[in-house]
Amino acid sequence: MSPNLTSNHQLINQQLHASELQIQLDNDTLIMHGSEEESSGCVLRGHVRLNLKEPAKFKSLTLRLTGKIRVAWSESTTSSTPQKFHKEERTIIDKQWTFLAPCRRNQLHQLAGKPHRWEFELPLPGNLPDSIENNETGNVQYRLKAVAERPTFMLNYTDKKVVRIVRHLSPTAMDYFQPMTIANEWANKLEYQISVPSKVFSEDETIPVTIRIIPKLPGIKVRYITCTLKEYITYSAGASNQFSKTEGRIVKFLRDEQFPCRDDVWEKTEMIRVPRYPHGIQFNTRNDLIRIRHKVKFTMSLINADKHISELRAALPIIICPISQRAEDNSLPAYEDALRAVPYSEPPDLYYSSGDSNAGSPTEERDMMFDPATSNRNLYEIQQEWATSLNRVPSYRTALRDRPPFPECRAALPSYESICAL
């Protein structure tokens with residue numbers, strides 16, 4: 001058999017075995033809320049599934065999570081000197097699960113011909129760096145690999161899965177979500193204001209940039225305005241990060257030659273579309289070896305009264321994050337927060353009788369419940385009913401769905417303005 005046919009045969013076998021051994025995650029994209037110093041982390045959950053159509057023997061079954069950060073680039077100071085190559089690689093997490101421990105010599109695990117499942121769970125610390133993908137110079141990757149080791153001369157079963165870790169700003173960082181404006185006077189010729197409604201944007205969102213100009217001299221006209229969304233990536237390597245390299249690239253560019261130059265105030269809003277991650281743009285992040293940041297840069301070309309052309313330049317730093325603020329506001333709260341937010345209300349039967357003329361009042365029923373003369377059997381049954389009721393923990397969505405409406409309470413809340421007036 002030729003080498004090409006052999007390699008193809010092995011590849012087909014590996015693909016078949018990958019379908020028999022599967023890593024299945026509850027979520028392959030994990031979200032860290034807040035900075036590395038304030039984030040409480042997240043939890044990786046899933047299970048390894050081994051589908052066997054017939055009984056089989058195995059030496060071991062393991063699952064391993066590895067996270068690595070890598071940078072590598074070459075540079076030369078002059079044309080006569082050779083290029084210098086800088087490379088750094090660090091392991092940031094390494095965890096292994098053993099589902100079938102390696103056996104002694106000539107001993108194997110015999111598994112029945114049916115689906116087998118092993119669950120796993122791992123709390124991840126909040127200081128883990130975000131994933132950085134599709135970057136040749138530097139990246140951060142988290143990978144899961146499951147290996148079911150077969151007896152000698154038999155091909156092992158393997159499966160791999162990529163885990164993404166992304167970071168979103170904490171909801172308490174309200175300063176980042178406030179409007180941001182830069183204003184100045186330029187050469188005693190005009191006053192300008194450049195503003196955006198927030199400092200934080202996500203992929204596929206539009207950045208509305210409002211440009212406001214107040215001319216102070218007659219005869220000035222705007223020739224054109226350019227808006228550029230630019231990405232800067234800084235790589236570091238060596239002891240104490242003594243070597244570094246910064247790359248800048250244009251992510252989005254627009255040029256507007258139809259700026260309104262009439263009346264006393266000239267104003268227009270330019271729209272910049274944020275491309276999709278990871279091919280179009282990377283998210284803002286910072287770790288020991290890689291830093292990614294973004295700016296919106298402006299160039300305003302002006303025609304003076306004497307036909308002389310001048311240029312005004314400005315820049316606004318912005319943050320590109322994986323989750324839009326709109327999606328964050330519309331997301332479901334944590335399970336504990338959902339339960340905490342449900343107002344407490346007494347059961348209706350504490351206020352009203354059952355409607356039976358022979359039924360006692362709630363007070364009488366309560367007194368009978370704790371009457372020493374009550375039989376031990378009835379008291380025991382009551383206690384069991386209470387315990388059963390308390391143990392019925394509602395599901396996440398049930399807690400939200402069954403939240404009782406309280407329009408009268410909401411109507412009684414004071415307005416925002418009245419609180420501020422106090």
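**Sheets, ring pairs and charges over rings**

1. Strands β2 and β10 (residues 157–168) run parallel and are joined by 5 bridges. Within this pairing, I31 stands opposite V166 in β10. It should be kept in mind throughout that the model is a predicted one.

2. The sheet to which these strands belong is open and has 5 strands, in the order β2-β10-β9-β5-β6, with mixed pairing. Its edges are formed by β2 (29–33) and β6 (84–100); each has a single partner strand, so one side of each is left without a neighbour in the sheet. On average, neighbouring strands here are turned by 25° against each other, direction ignored.

3. A further open sheet consists of 4 strands in the order β11-β12-β14-β17, and its pairing is antiparallel. From one strand to the next, the twist averages 15°.

4. Inside this second arrangement, strand β12 (residues 190–196) and strand β14 (residues 206–215) run antiparallel, with 6 bridges between them.

5. The structure holds 5 aromatic pairs. One of them is formed by W73 and Y235: the ring centres are 6.5 Å apart and the planes lie at 35°, so the pair is tilted. This pair links distant parts of the chain, since W73 belongs to strand β5 (residues 60–75) and Y235 to strand β15 (residues 221–237), 162 residues apart. W73 is buried, with a relative accessible area of 3%, and Y235 is likewise buried, at 0%.

6. F99 and W118 also form an aromatic pair, and this one is stacked, with 6.2 Å from centre to centre and 25° between the planes. F99 lies in strand β6 and W118 in strand β8 (residues 115–124), 19 residues apart, so that distant parts of the chain are linked. Both residues are buried: the relative accessible area is 17% for F99 and 16% for W118.

7. Finally, which rings have a charge over them? K95 lies over the face of W97, at 5.7 Å from the ring centre. In another case, the charged end of R293 sits over the ring of Y232, 4.9 Å from its centre.

Note on methods: Residues are numbered from 1 along each chain as its sequence is written. This is a predicted model: local features need pLDDT of at least 70, side-chain atom pairs count only at pLDDT 80 or more; totals for chains, interfaces and linings use all residues. Side-chain values use heavy atoms; hydrogens and water are left out. Two strands pair if DSSP finds at least two bridges between them. Helices (H or I, at least four residues) and strands (E, at least two) are DSSP runs, numbered from the N terminus. Axes are lines fitted to C-alpha atoms, for helices over the stretch in contact, and angles run from 0 to 180 degrees between N-to-C directions. Rings of Phe, Tyr and Trp (its six-membered ring) pair if their centres lie within 6.5 Å; planes under 30 degrees apart count as stacked, over 60 as edge-to-face and the rest as tilted. Buried means under 20% relative accessible area, exposed over 50%, partly exposed in between (1.4 Å probe, protein chains only). A charge sits over a ring if NZ of Lys or CZ of Arg is within 6 Å of the ring centre and within 35 degrees of the ring normal.
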